[in-house]
Amino acid sequence: MTQLAQDILLIARSDQEGIPIRREPVEASAILDRIASRFEPRATQLGRAVSVVPSDDIVLDVDPTRVEQAIGILQSEIKTCLALLGCTRIDELRPSHLRAP
């Protein structure tokens, strides 16, 4: 809930001032671990697991907070789209779901 409030405040401020970007070198696995831990409680409720497959030490020059927010938004949008298509998982999508009416 706190994250949602922060995201809403960010959007409100971005209309006036632009979104502040604070780039820093960050290991990709560190960002993915934080994102995974954010979704872990919900996954556990659903009897699922969230895992991050480590890769070579990839370092990104990004704003980690903005990357986490963007992935959270994408996850939410994907979940909404899947529900509209009658799917619960991305691997249930079929070409017929993607055709124009």
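The following questions and answers examine a predicted model of one protein chain.

In this predicted model, local features need pLDDT of at least 70 and side-chain atom pairs count only at pLDDT 80 or more, while totals for chains, interfaces and linings use all residues. Residues are numbered from 1 along each chain as its sequence is written, and side-chain values use heavy atoms, with hydrogens and water left out.

User: Which pattern does the chain follow when read along the sequence?
Analyst: Helices (H or I, at least four residues) and strands (E, at least two) are DSSP runs, numbered from the N terminus. The chain has three helices and two strands. Read along the sequence, these elements give the pattern α-β-α-β-α.

User: Which element of the chain has the highest mean pLDDT?
Analyst: The pLDDT is the predictor's confidence in each residue, from 0 to 100. The chain averages 76, and 67% of the residues score at least 70. Among the elements, helix H1 (residues 2–17) has the lowest mean, 65, whereas the highest, 92, belongs to strand E1 (residues 24–27).

User: What percentage of the residues of the chain count as buried?
Analyst: A residue is buried under 20% relative accessible area, exposed over 50%, and partly exposed in between (1.4 Å probe, protein chains only). Applied to the 101 residues of the chain, this gives a buried share of 17%.

User: Which side chains meet in a salt bridge?
Analyst: A salt bridge is a side-chain nitrogen of Lys or Arg within 4 Å of a carboxyl oxygen of Asp or Glu, and the count comes to one. The pair links distant parts of the chain, 34 residues apart, with one partner in helix H3 (residues 64–84) and the other in helix H2 (residues 28–45). The N to O distance is 2.6 Å, and the partners are glutamate 68 and arginine 34.

User: Is glutamate 68 buried or exposed?
Analyst: The relative accessible area of glutamate 68 is 14%. Because 14% falls under the limit of 20%, glutamate 68 is buried.

User: How many Å apart are the end C-alpha atoms of H3?
Analyst: The expected span of a helix is 1.5 Å times one less than its number of residues. H3 has 21 residues, so the helix should span 30 Å. The model agrees with this, as the end C-alpha atoms are separated by 30 Å.

User: Which residue has a side-chain oxygen that reaches to the backbone nitrogen of threonine 65?
Analyst: This contact lies at the start of H3. The oxygen comes to within 3.1 Å of that nitrogen, and it belongs to aspartate 63.

User: What is the relative accessible area of glutamine 69?
Analyst: Glutamine 69 is found in helix H3, and its C-alpha atom is separated by 9.2 Å from that of isoleucine 35, 34 residues apart along the chain. Glutamine 69 is one of the buried residues of H3, which also include Pro64, Gly72 and Leu82. Its relative accessible area is 9%.

User: What distance separates the C-alpha atoms of alanine 28 and isoleucine 58?
Analyst: Alanine 28 has its place in helix H2 and counts as buried at 14% relative accessibility. Along the chain, alanine 28 and isoleucine 58 are 30 residues apart.

Terms used: A polar contact is a pair of N or O atoms within 3.5 Å; within protein, one must be able to donate a hydrogen and the other to accept it, and residues adjacent in sequence count only if both atoms are side-chain atoms.
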